[in-house]
Amino acid sequence: QVQLVESGGGLVQPGGSLRLSCAASGSIFRITGMNWYRQAPGKQRELVATITVTGGTNYADAVKGRFTISRDNAKNTVYLQMNSLKSEDTAVYYCNAGIYTTPLEINTYWGQGTQVTVSS
């Protein structure tokens with residue numbers, strides 16, 4: 001059994017910052033790519049940022065220069081530092097990861113989501 005648990009969401013004023021964390025636990029053999037998605041009310045879930053095992057990153061255009069994704073492989077944890085937040089960043093943020101539970105078996109796992117609300 002593998003679980004991803006997000007934390008760090010909340011209410012913040014425009015221009016503020018938040019740091020999200022997502023920790024993986026359970027029967028983990030190896031973790032591959034780790035990603036952050038978000039889903040705003042009435043909209044489809046969208047990819048925000050990705051990070052490879054070796055630290056290569058990619059970002060959605062809407063967050064480039066404001067968000068930073070990082071990971072701690074020793075802690076099986078991925079982070080999302082969000083700066084200069086805007087009202088349009090309001091969404092439920094989800095992490096996901098490709099996780100090997102054995103040397104040959106890989107599945108994609110999702111966290112439960114954490115709410116980020118940007119409002120004055």
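The accessible surface of the chain comes to about 6,400 Å², and 47% of this area belongs to carbon and sulfur atoms; the areas come from the Shrake-Rupley method with a 1.4 Å probe, and for residues only the protein chains shown count as cover. The structure is a predicted model, in which local features need pLDDT of at least 70 and side-chain atom pairs count only at pLDDT 80 or more, while totals for chains, interfaces and linings use all residues. Residues are numbered from 1 along each chain as its sequence is written, and side-chain values use heavy atoms, with hydrogens and water left out.

Of the 120 residues, 42% count as buried, where buried means under 20% relative accessible area, exposed over 50%, and partly exposed in between (1.4 Å probe, protein chains only). Taken along the principal axes, the C-alpha atoms fill a box of roughly 50 × 25 × 25 Å. The radius of gyration of the chain is 14 Å, which agrees with the value near 14 Å for a compact globule of 120 residues; this radius is taken over C-alpha atoms, and the globule rule is 2.2 Å times the number of residues to the power 0.38. Among contacts (heavy atoms within 4.5 Å) with a separation of 6 or more, 55% are between residues 24 or more positions apart.

The chain has zero helices and 11 strands. Both kinds of element are DSSP runs numbered from the N terminus, helices being H or I with at least four residues and strands E with at least two. Four of the strands form an open sheet in the order 1-3-8-7, with antiparallel pairing; two strands pair if DSSP finds at least two bridges between them. At the edges are strand 1 (2–7) and strand 7 (67–72), each of which pairs on one side only. Neighbouring strands of this sheet are turned by 15 degrees against each other on average, direction ignored, with axes fitted as lines to C-alpha atoms (for helices over the stretch in contact) and angles running from 0 to 180 degrees between N-to-C directions.

Within the sheet, strand 3 and strand 8 (residues 77–82) run antiparallel and are joined by six bridges. Cysteine 22 has valine 78 of strand 8 as its bridge partner. Serine 21 also lies in strand 3 (residues 18–26) and counts as buried because its relative accessibility is 18%. Apart from neighbours within four places in sequence, serine 21 is in contact with Val5, Glu6, Ser7, Trp36, Val78 and Tyr79.

The chain holds one disulfide, counted as a pair of cysteine sulfur atoms within 2.5 Å. Cysteine 22 is joined to cysteine 95, with an S to S distance of 1.9 Å. This pair links distant parts of the chain, cysteine 22 in strand 3 and cysteine 95 in strand 9 (residues 91–100), 73 residues apart. The link is right-handed, with 50 degrees about the S-S bond, and cysteine 22 and cysteine 95 are both buried.

Turning to the loops, asparagine 76 sits between strand 7 and strand 8. Its phi is near 50 degrees, a positive value in a residue other than glycine, and asparagine 76 is partly exposed at 24% relative accessible area. Serine 84, in the loop between strand 8 and strand 9, likewise has a positive phi of about 50 degrees although it is not a glycine; serine 84 is partly exposed at 40%. Serine 87 is placed in the loop between strand 8 and strand 9 and is partly exposed, with a relative accessible area of 46%.
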